[in-house]
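Please open the model in your viewer and keep the selection panel at hand. The tour goes from stop to stop, saying at each one what to select and what is found there.

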Amino acid sequence: MREKIKIVIADDQELLRESLKIVLSANPDMEVIDTVADGREVIRSVRSEKPDVILMDVRMPGMDGVSCTQIIKENYPQIKIIILTTFDDDEYVFNALKYGASGYLLKGVSMAELSSAIRTVYGGKAMINPDIAVKVVRLFSQMAKGNYTIQVDDRNIDDIGRTEWKVIQQVGYGRSNKEIAAALNLSEGTVRNCLSSVLGKLDLRDRTQLAIWAVQTGVTTRSLDMS
């Protein structure tokens, strides 16, 4: 008998975690070995449980799904990750796939579709929700043209303040204004103003360009004093 696909479910909503566990465990070829509520718990679980596939909510407290994906894929490249979200923001799509996610699905998919996606990524292939696939194709098509490098005048970078650098880094992680405000102990209004200021200084069109620039230039891996 073939070994079951070992699955960890990561979502901050307990009802959703337990519902997914019940439904997926009904598949004879699947076993939900753990359910966790945030990114840090995912990492602890991975160390002890060694799952084959992780269903990862993109928005979780403490450490979001994008940052968690990066850490896990760097240390456990064999583990497959499917990002689950109610959002389809370009920044999340770019970063989750860049860091090695094998799938990206909206939470509205049927259980049959989700089960199929798990089998697909377990078999070494990618699985992306059709609504998101359009964005992915468009984004990577743009990147293929000249590697889609975001150009910023070096002289403009000198005008970026300390708090603005922290906001840029958080945008590079794919976080929302609310999440950035919580992480940096700022109001959402301050975050919005910082973003507007940064986009103006760097002459960038939107936060997607800013996120890509932050990743390309290494801002997301830079150590910034968070005090």
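By class, how many nonpolar, polar and charged residues does the lining of the largest pocket have? The lining has nine nonpolar, seven polar and five charged residues, where Ala, Val, Leu, Ile, Met, Phe, Trp, Tyr, Cys and Pro count as nonpolar, Asp, Glu, Lys and Arg as charged, and the others, Gly among them, as polar.

Before going on, note that this is a predicted model, in which local features need pLDDT of at least 70 and side-chain atom pairs count only at pLDDT 80 or more, while totals for chains, interfaces and linings use all residues. Residues are numbered from 1 along each chain as its sequence is written, and side-chain values use heavy atoms, with hydrogens and water left out.

**The largest pocket**

Select Gly62, Gln170, Tyr173, Arg175 and Ala183, which are the closest to the centre of the largest pocket among the 21 residues that line it. The space in this pocket is about 330 Å³. A pocket here is an open set of points on a 1 Å grid over the protein atoms alone, where a 1.4 Å probe fits, with protein on both sides within 12 Å along at least five of seven lines, and lining residues have an atom within 4 Å of a point. The volume is the space filled by probe spheres set on the points, which are joined across faces, edges and corners. Next, colour α3 (65–75), α8 (162–172) and α9 (177–184), each of which supplies at least two residues of the lining; α9 gives the most, with three residues. Helices (H or I, at least four residues) and strands (E, at least two) are DSSP runs, numbered from the N terminus.

**The sheet**

Now show the strands: six of them form an open sheet in the order β2-β1-β3-β4-β5-β6, with parallel pairing, where two strands pair if DSSP finds at least two bridges between them. β2 (30–36) and β6 (127–128) stand at the edges with a single partner strand each, so one side of each is left without a neighbour in the sheet. Between strand β4 (residues 80–85) and strand β5 (residues 103–106), which run parallel, there are four bridges, and Ile82 stands opposite Gly103 in β5.

**Helix against helix**

Select helix α1 (residues 14–25) and helix α5 (residues 111–122), whose axes come within 11 Å and cross at roughly 70°; axes are lines fitted to C-alpha atoms, for helices over the stretch in contact, and angles run from 0 to 180 degrees between N-to-C directions. That makes α1 roughly perpendicular to α5, a term used for angles of 65 to 115 degrees. Leu20, Val23 and Leu24 of α1 meet Met111, Leu114, Ser115 and Ile118 of α5, and this contact has six nonpolar, one polar and no charged residues.

Finally, move to α9 and α10, whose axes come within 8 Å and cross at roughly 110°, which makes α9 roughly perpendicular to α10. Their contact is made by Asn177, Lys178, Ile180 and Ala181 of α9 together with Glu188, Val191, Arg192 and Leu195 of α10, and by class it has four nonpolar, one polar and three charged residues.

Methods. Parallel < 35°, antiparallel > 145°, perpendicular 65-115°, else oblique. Contact = heavy atoms within 4.5 Å.
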